[in-house]
Every structure is written in structure tokens, then in C-alpha cells.
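Reader: I have the sequence and the coordinates open and would like to go through them element by element. Please give the cut-off behind each term when it first comes up.

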Amino acid sequence: MEKVFSGYALFFVLFLTGSTIGGCFPTVEELAVHGWIPPDDGSTEYYGLEATMDVYGFNLEHGQQTGGFIWIYNSDETPAANVIHAGWNVDPESYNDSQTHFTTSWFVEESKKGCLDMRCPGFQRTGGSHPFVPGQVINPVSSTSRRKQYINVRVSKDQNSGDWEIYFGFDGKAKIIGYYPRSLFTSLSNKPVNIVFGGFAFWKEHKPSPPMGSGIAPPKNAASFSNLKFFDAAGNAHPIDHDLAHVSDCYPVTDVRDGMFSYGGPGNVC
């Protein structure tokens, strides 16, 4: 399990590096995540995840990035990775600021197509009055000593269309804001998917490692994912009440207990 997640993490960060960071400096990336891959016997298949995340803000430099995400991915017969991610992100290189953003992206490795938020054709907004769109600033953010700010994020496949729907809630229930059409992908809508979720940190080697999560390691005052639910092919929710495989190195991640885990840690220690 760790080999699968570590290989994916490397691929995904290489995509981010080539697409949004650039430059000639070597890069470092770290994950503190839990994940699920479908069993070989096909007994259980999930096609989405919903999570409540507390979100934080940091004053980062270009060449540093940190956030909390849900990743949905698999490979086609090439094999070429198909990826969707959604969550919160502080990324001065991509946004030209150090604010916290609601972030989504899609990518297909074989065609080298994909992009962040709404910067190229791909994400389709749904009708309605939802105030949030991909790339928008999240404000306010949490304080480790005062009130926490939460977002609810869901990424799941529509059972009828095969499109991948993105739900978002700001201190409230997640509501659909748009979708990625199934036509963007070579395998995501017709094969079982892998689901990974947790914290992510990235930096160029000449920069210090950024904080992850709240900037405080578990258990006290650490960032968390809670109210975790898988979704099956029919759209039924399955609360996660058991531990899952995890990957972490420099930044710790706790076991899943009662649908919740904590993760992250301070900067300049990796």
C-alpha cells in the first residue's frame, strides 16, 4: 500500500512541479495521508469521498506550498494516470499571493492535459447561487488558539452521467458547485478508483520546508480531517469507522478513529 501511495505522490508532485512551479531547483515533497485502493477481488468499490477540513493560513514564499486535499486517481491501460484533486491550498507560485485558496485540478498523464481551477476548459460550473468557485480565497481561516474555520469538500462520480462532481461548503453542508466531464478522462469513469486524502507540503530545496496543516504536530491543536465518508457507485455514503493504510515521513498523521484523523507539523524541520 505504501509503495502505491508513494509512487503516486511522486507522480502528482512532478505534475505540479512541471505545471505550476517551474524553475531549475530540485524539489522536495511530503505527504501525511490515508488512502484506499480497491481490492483485487472487486468486493468493494468506492467512487468518491467527503471530508470536513479545518483550514489555515501561512505567509509562504514562492517555491513553497502547503494544503489539505482529496485525490481521486487511477491508471488506464497505457498505463497513464488520471487525477482529480480538491481541497485547500497556500501556493504563492500559482496564485501570486500567500492566501488560502479553495483549489481543484485535473490531469491526464498520457495526453499531458489538465490544469488548476478554471484556468483552462475542463471544470463546468453548475447553475445556482453558490458563492464559491475553484481558486477562490478562503477567508477567514482557523486560529490554533481561537475559532476554527471548516470547509466541507466532496469529490464523487455521478452514477448516471459518469461525470466527477465537486461539492463545497464553507462552515456548512457541502453543495455541488460543478463537475469535471467524464470525457476529459481515459479511465476515471469506467474503472475503480484509488482515493487518498490528507496533508501535502512542497518546497524547492533552497527554501525551508513549509508548515503543514495547522503548523502544529498531532495530537493537540493539529489540523484534522473529520466526518469522513466514502461513496459507492450508487452514490450511497459509507462513514469511515476504521483505520486505513497511511503514508507519512517528516509530518506525522494519526490513525483514523471515529471518522477523523489529525496531521501536519511545523515548518523548517524536514
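**Strands, disulfides and one buried serine**

Author: Tyr 73 lies in strand 3, residues 64–75. Strands here are DSSP runs of E with at least two residues, helices are runs of H or I with at least four residues, and both are numbered from the N terminus. The model is predicted, so local features need pLDDT of at least 70, side-chain atom pairs count only at pLDDT 80 or more, and totals for chains, interfaces and linings use all residues. Residues are numbered from 1 along each chain as its sequence is written, and side-chain values use heavy atoms, with hydrogens and water left out.

Reader: Is Tyr 73 buried or exposed?

Author: Buried means under 20% relative accessible area, exposed means over 50%, and partly exposed lies in between, with a 1.4 Å probe and protein chains only. Tyr 73 has a relative accessibility of 6%, so it counts as buried.

Reader: What separates the C-alpha atoms of Tyr 73 and Val 196?

Author: Tyr 73 and Val 196 are 123 residues apart along the chain. The separation of their C-alpha atoms is 8.4 Å.

Reader: How many helices and strands does the protein chain have, and what share of the contacts comes from residues 24 or more positions apart?

Author: The protein chain has two helices and 15 strands. A contact means heavy atoms within 4.5 Å. Of the contacts with a separation of 6 or more, residues 24 or more positions apart account for 70%.

Reader: How many of the residues of strand 5 are buried?

Author: Strand 5 covers residues 100–108. Thr 100, Phe 102, Thr 104, Trp 106 and Val 108 point one way from the strand, while His 101, Thr 103, Ser 105 and Phe 107 point the other way, and all are buried. Strand 5 is therefore largely enclosed by the rest of the structure, with a buried count of nine of the nine residues.

Reader: What is the bridge partner of Gln 124 in strand 10?

Author: Strand 7 (residues 124–125) and strand 10 (residues 175–180) run antiparallel and are joined by two bridges. The partner of Gln 124 is Tyr 179.

Reader: How many disulfides are there, and what is the pattern?

Author: A disulfide is counted where two cysteine sulfur atoms lie within 2.5 Å, and this rule gives two disulfides. Cys 115 is joined to Cys 120 with an S to S distance of 2.2 Å, and Cys 250 to Cys 270 with 1.9 Å. Cys 250 is in the loop between strand 14 (245–248) and strand 15 (261–263), and Cys 270, 20 residues apart from it, is in the segment after strand 15. With bonded cysteines counted along the chain, the pattern is 1-2, 3-4.

Reader: Which backbone nitrogens does the side chain of Ser 209 reach?

Author: Ser 209 lies in the loop between strand 11 (194–204) and strand 12 (223–231), and at 5% relative accessible area it is buried. A polar contact is a pair of N or O atoms within 3.5 Å; within protein, one must be able to donate a hydrogen and the other to accept it, and residues adjacent in sequence count only if both atoms are side-chain atoms. The Ser 209 side chain has a polar atom 3.2 Å from the backbone nitrogen of Val 269, and at 3.3 Å it reaches that of Cys 270.

Key. Two strands pair if DSSP finds at least two bridges between them.
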